[in-house]
Amino acid sequence: MNNLIPLLVVIPMGVAFAIPLAVRMNPRLGELLSILTALTLLVISLFLPSQEIIYHIGNWPTPDGIDLRVDGLSKLMLLIISGLALVVGIYSVGFIRQFTGHYRYYTLLMLMVTGMNGVVLSGDLFNLYIFVEIATIASYALVAFGGEHEDLEASFKYAVLGGLSSSVILIGIALVYGMTGTLNLTHLASRLDGHVLTPTLQFALALLFCGFGLKSALVPFHTWLPDAYPAAPAPISAILSGITSKAIGLYVLVRLLFNVFGITDDLLLLLRWSGGITMVVGALLALGQWNIKRLFAYSSVSQVGLIVLAFGFGTTAGIVGAIFHLVNHAVFKPLLFLNSGAIEIAAGTRDLRKMHGLRSTIPVTATTHMVGSLSIAGIPPFNGFWSKLIIVVAAVNAGFMGWASLVVLMSIVTLAYQLKVQTAAFFGSNTRSPEVTPSIATGSRSNAEPLFMAVPMIILAIGCGALSLLTLTGLDEPFFVASAAEVLMKGVFTW
Amino acid sequence: MMLDPLVQMISIPFLAGLVCIGLPGQWEKARAWLSVTACAITLLNAVLVFGGETRTLELAGWPLLHVDQLSGLMLVAAAFFALLIAIYSLGYLQSIKRSPPDDADTGSRRIEEPSDDWQNRIYHACLLGSLAFSCIVFLANDLVLLLTAWGMLALTMYLMIGVAGQDAADASRKTFVMVGGSDSLLLLCTALLWVEHGSTRMDAGVLSLNSLPSYIAFLCLIAAVVAKVGAIPLHSWLPDFAEKAYAPVTAYLPASLDKLLGIYLLVRAFTGLFEMTDGVSALLMVIGAVTILGGGMMALVQQNLKRLLAYCAISQVGFIFLAIGTGTVAGLAAGLFHMLNHAICKCCLFLGAGVIEQKAGTVDLDRLGGLATRLPLTFAACLVAALSVSAIPPLNGFASKWMIYQSIIESGQDNGGMLWVVWLAVAMLGSALTMAVIVKLLHAVFLCKPSPTVRELKISRAPISAVVPMVLLAGLCVAFGVLVNEFPLRWFILPAVSEPVTFTGTWLAGQATILLLIAFLLGWLVYALTLRNGKLRKVPTFIGGESLDEARIPGVPAGAQRHVEVTGVDFYRTVQQLPVLKSLFVMARMKMFDIYSSAGRALARPIRVLQIAHNGLLSFYLIWFVLGLLAVVYLMMEGIR
C-alpha cells in the first residue's frame, strides 16, 4: 500500500503532460483523462492508512534522502484535493466549452493537483517549495484562462504578489537551512526542539509566515484574491478557494508552526489576531459587494480568517473546529462558485443588481445555492453550523469570550451577505423587466445548467448535508477530523 | 411497531412535509389535505401527551426529549394553530392562483405572481416543517437540539415569506438576518452554558448571574427571545414581514407560533437555566414597557391593515414580558395566558386580513370600508377578536390582562418600592392605546362607508375554509373569556405553571357576562324606544372630541362637514404633532429605531473605507505586503507581549 504514495504525485504529473498528446487523437480525451485521474487519486487516498507513514524515496534514510510523509492531516487534505478535482473536472466538461484550448485547461488543472498533492506529501522544505511553485504557477495561468482584459490583469497582479511571496519563502528556507543545516521537516523539528529560536530563525519564521500567509490570503496579504477569483473560470475559482489556497498556504503554515517550529503563545496570539482581522475585513467587504464572484471571493477571505482564528485557540477543540471548518469550506465554497458559473450564464451578468427571478431558469442551481449559502452562514442543519458551533464552544472553553462573540457577530454578517445573493438572484419571477436582463429571455435551461454542471453541484450540496450527519458520532475519536487534529496537537515531529 | 407519541409528533409533520415537496406539481389538493391530516394527527398526539405525565425520553442513549405540562401546553397550542392554518390554506393558495381583481392604476400591492408548483410545495412543506421543528423546540431536553430546531424554524420562516414573490425579497432578507441572526446569539449562549455545566442538557442546573460569561449568555438568550417574538428593539422585521407575506403565513408564524416559541424559551430560561434576579426582572419589565408603548404608538399611525396588526402584535408582546418580568408565579400564569389569548386573537385578525386582501384587493385602510355587510362572518369573527385584543370584558383578552394587572400589583406589594406603579400605569396606558388602535381598525375596515374601491367591487362571501378557522378562534375568544376559571385556567394554564397560583382580585366571568348582557339589552331598549319617538340629535362630525377640520380631508368641499365620511385613517393624526412624540415619530420614520437599518448605516462607513483601500493598484498592494511583512517581523523578533 505504501508504495502507492508516490503515485499521488506521479500520476497527475504524467497525465498533465499526456493530455496535450492525447487530445490529438480525440479532443474529448482531455476531460476524460482528468476525471479518471482524479477518480484514481481519490481511490488511492481513500485507502491510505490514517497513522503516520514516512515513505523514503529510493530507500534513502531520513536526513539524506527525500521523504514523503502521510498522516491524518495530509490524508484528509489529499482526500479533499482529489475529491474536489473530480467534482471540478466533471463540472468543467459542461462549463469550459465556451473557451478555446480545452486541453491546456486540463493540463494546468492536473499540474495544480500535482503541486497540491506534492505540498501535502512533502517531507522536506525544499520539495515543498517546488510543489508550491508548481501549483501556484499553474493557477496564475488558470486565472488568466479567460483571456479577457481583466483576467490578464488579475493574473498579472496575482503573479507579481505570488512571486514576491515565493521569493520571501525561498529566503526564509535558505535562512533555515543556513542555521540548521537541514531541510527535512522531521530532522529540522528535532534540531529545533527544546531550543529558543535565534533571531535569524525568528526572522526566517516571520518570512515564512508572510509568504504562506499570502498564499492563504491573510489580511493584509489577501489583495490578489478579490481580483483572481472573479477572473478565473468558475470551476477554477471553486478549486482555488476550496483547496488550493488552503493546501499551499494554510496547510503549510499550520504544519510549520505546530509540527516543526513548535507553537508558542506568541505565535497563537499572532494567529488569532491575523485570523480575526482577516475574518472581519473579508466579511465587511463581502457585505458591500455587488459583483457575485467578488462577493464570494471576499467571503473566502473571511472564512480563511475564521479557520486561522480557530487554529489560534491552540486547544484540541479549536483545531478540530478549524479543520472541520476547512473541510466544510472546501465543500460549500466550491459549491457557491460553481453556482455562480451557472448564474452568470443564465443572467448574462455578475452584477447582483441586474439579476432576479432566476429560479425558473436554473432550478437546480437555485436549490443547491440555497444549501450552499445557508451552510456558509451557519444555519442548521447544514455543515457550517456544526463547525461554527465547535469553534464557538472551543473559544469559550479556552476563555476567549471576545473572539467567540466576534465569530457570532460575523456569522450574522455572513448570513446578511449570503441572503443578499439569494434574494437578488432567485426571488420572484423572471417575467418582469426583461430589458434589464436580456439573456434571461433567451437563455434556456439547457445551456445554463447542463447535466455535467448540475451533477457536481448536487454532489456538493448533498455533501453539505452529509458532513453534518458525521457530527452525530460525537466529536471524539470516531469523528473524521479527530486524527488530523491529533497530528497537530502532538506537537513537533519526533525523530 | 408503534413509535413513541413524542417521536411521532416530530416525525409525522416532518415526513408529511417531505412528501409535500415530492408530490407532483399539480396535486395541490392532495398537498393541502395532507397538511390538514398531518396537523390533525399531531394535535391528537399533543393532546395525548398533554394529558400524560412528565417524562424524559432517551433516544440512542441520550435523554434528548423531555415533556412536562408546560411543553404539553405549547405543543397543543402549536398543533392547533397549525391545523387551523392548514384548513385556511385549503382555499387560500388556489384563490391566489385564480388572480383576484386587481387595480394596477392605483399602484397598491397585489399578489401578482401566480403561485407555481414550487411555491405550493414550499408553502405546505414549510407549514408542516415549522410545526415539526416547533415540536422539537418544545420537547428538547438538549440545548444543541433546541438550537438546531430554532435555526431551522428561521429557515422555514424565510422560505414561507419567500412564497409571496419578488416584493417580499427585502422583507424576507431582513427577517432572516434578524431571526436567523438571533440563532447565532443563541449558539453563543449554548456554548457558554455547555462550558459552564460541562453538558448540553437543559436540566443540567441553574446558572447564577455573577460573572461576565453568565451575563453574556443571559443577554444572548434574551436577544434571541426578543427577536423571535418581535419585542422592541428587535421588532422591526415584523411589520415588514406582515406587510409582504401572505396573510396565513403571518397568522401562523409571527402571530402565533413565534410567540409560543419565544415565550416558551423565556419561561424555560427562568425555570431551569438562569436565576431570576431583580436586575433581570427590571430588564424584562423595561423591555415590556417600551414595547407596549412603542408598538402601540406606531400602530396608531399605520395606514396599512397588516402593518397595523403587526405593530399591535408587538405591543401585546410587551404585556407578556411585563407579566413574566414580575417574577411571580401569578405573573408567569398571566403571561402564558396572555400569550395564548393574544395568539388566538391575532391569528384570527390576520386571517381576517387575508380574506379582506383577497376580496377587496387591498389592505390600505383608506381604500377599505363598509365590509361589515359584505363579509358578515369575517366581520363577526374579527369583531370578537378585536374586542378581545383591546381587553373588553368578558372576552379572554380582558381575563388575561386582568391577571397581568394583579400580578404587577402583587409583585409591588411583595417587593416594596414604587416602581410597580409605573409598570401598572404603562400597562393601563397600553391597553388604552390598543383600544384606540382597534377602534380605528374596526371603523376603517368594516364600519365606515365603503371607499370607491370597495364600491366598485363585487365582493363574494368568504370561502368556508377561511371562515371555519376564524369562527373557531372567535369562539375560543368567547369561551376562554366567559369560562375563564372553568376552562382555560383549569385545564391549560395552571397545570403548565405547576405551582399553586392565587389571585387577589376575583373576576366572576360568568356573572359579569350575564350582567353585561342585561346592560346591553337595556341599552338596546333605550335606543329602540328613543328612535321610535324620533328624538335623535344630529351634530357635526367629530373625531375623539376634536371637531373635524375639513381641510384635513382631501376631496371634501368646505362647509360640507355635516356629511363628511370619516375613513378612519385620520384618527389620531394629531398624536404625531405632540411635542415629544413628534420627534420620536420623525425618528421612527427615518428608521432610527430599526436596528437592521441602523446597523446597515453604521457599517456603511467602514465598508466604504475598506473599499477605497482596495483600489486595485498593484503598487499599492505591494506596499500593503511590505508593511505587513515588517509588522510580522517586528512582532516575531520583539515578542508580542
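**Helix 14 of chain B and its surroundings**

Me: In this predicted model, how do you know that the span of helix 14 of chain B agrees with its number of residues?
Reply: Helix 14 covers residues 376–389 of chain B, and at 1.5 Å a residue its 14 residues should span 20 Å. The C-alpha atoms at its ends are 20 Å apart, so the two values agree.

Me: What makes helix 14 of chain B count as mostly covered?
Reply: A residue is called buried if 20 or more other C-beta atoms lie within 10 Å of its own. In helix 14 of chain B, 10 of the 14 residues are buried. Among them are Thr378(B), Phe379(B), Cys382(B) and Leu387(B).

Me: What covers the buried residues of this helix?
Reply: The cover includes helix 11 (305–325), helix 12 (329–360) and helix 16 (419–447) of chain B. Just after helix 14, Ala391(B) takes a positive phi of about 60 degrees.

Me: How do you know whether the radius of gyration of chain B agrees with that of a compact globule?
Reply: For 641 residues, a compact globule would have a radius of gyration near 26 Å; chain B has 26 Å, and therefore agrees. Buried residues make up 53% of chain B, whose secondary structure comes to 23 helices and four strands.

Me: What makes up the contact between chain A and chain B?
Reply: Chain A gives 53 residues and chain B gives 48 residues. Helix 16 of chain A gives the most to the side of chain A that touches chain B, with 11 residues. By class, that side has 36 nonpolar, 12 polar and five charged residues.

Note on methods:
Residues numbered from 1 in each chain as written. Chains lettered and ligands numbered in written order. Predicted model: local features only at pLDDT ≥ 70, side-chain atom pairs only at ≥ 80, totals over all residues. Helix = DSSP H or I, 4+ residues; strand = E, 2+ residues; numbered from the N terminus. Expected span 1.5 Å × (residues − 1). Buried ≥ 20, exposed ≤ 12 C-beta atoms within 10 Å, placed from the backbone. Contact = placed C-beta atoms within 7 Å. Nonpolar A, V, L, I, M, F, W, Y, C, P; charged D, E, K, R; others polar. Rg over C-alpha atoms; globule rule 2.2 N^0.38 Å.
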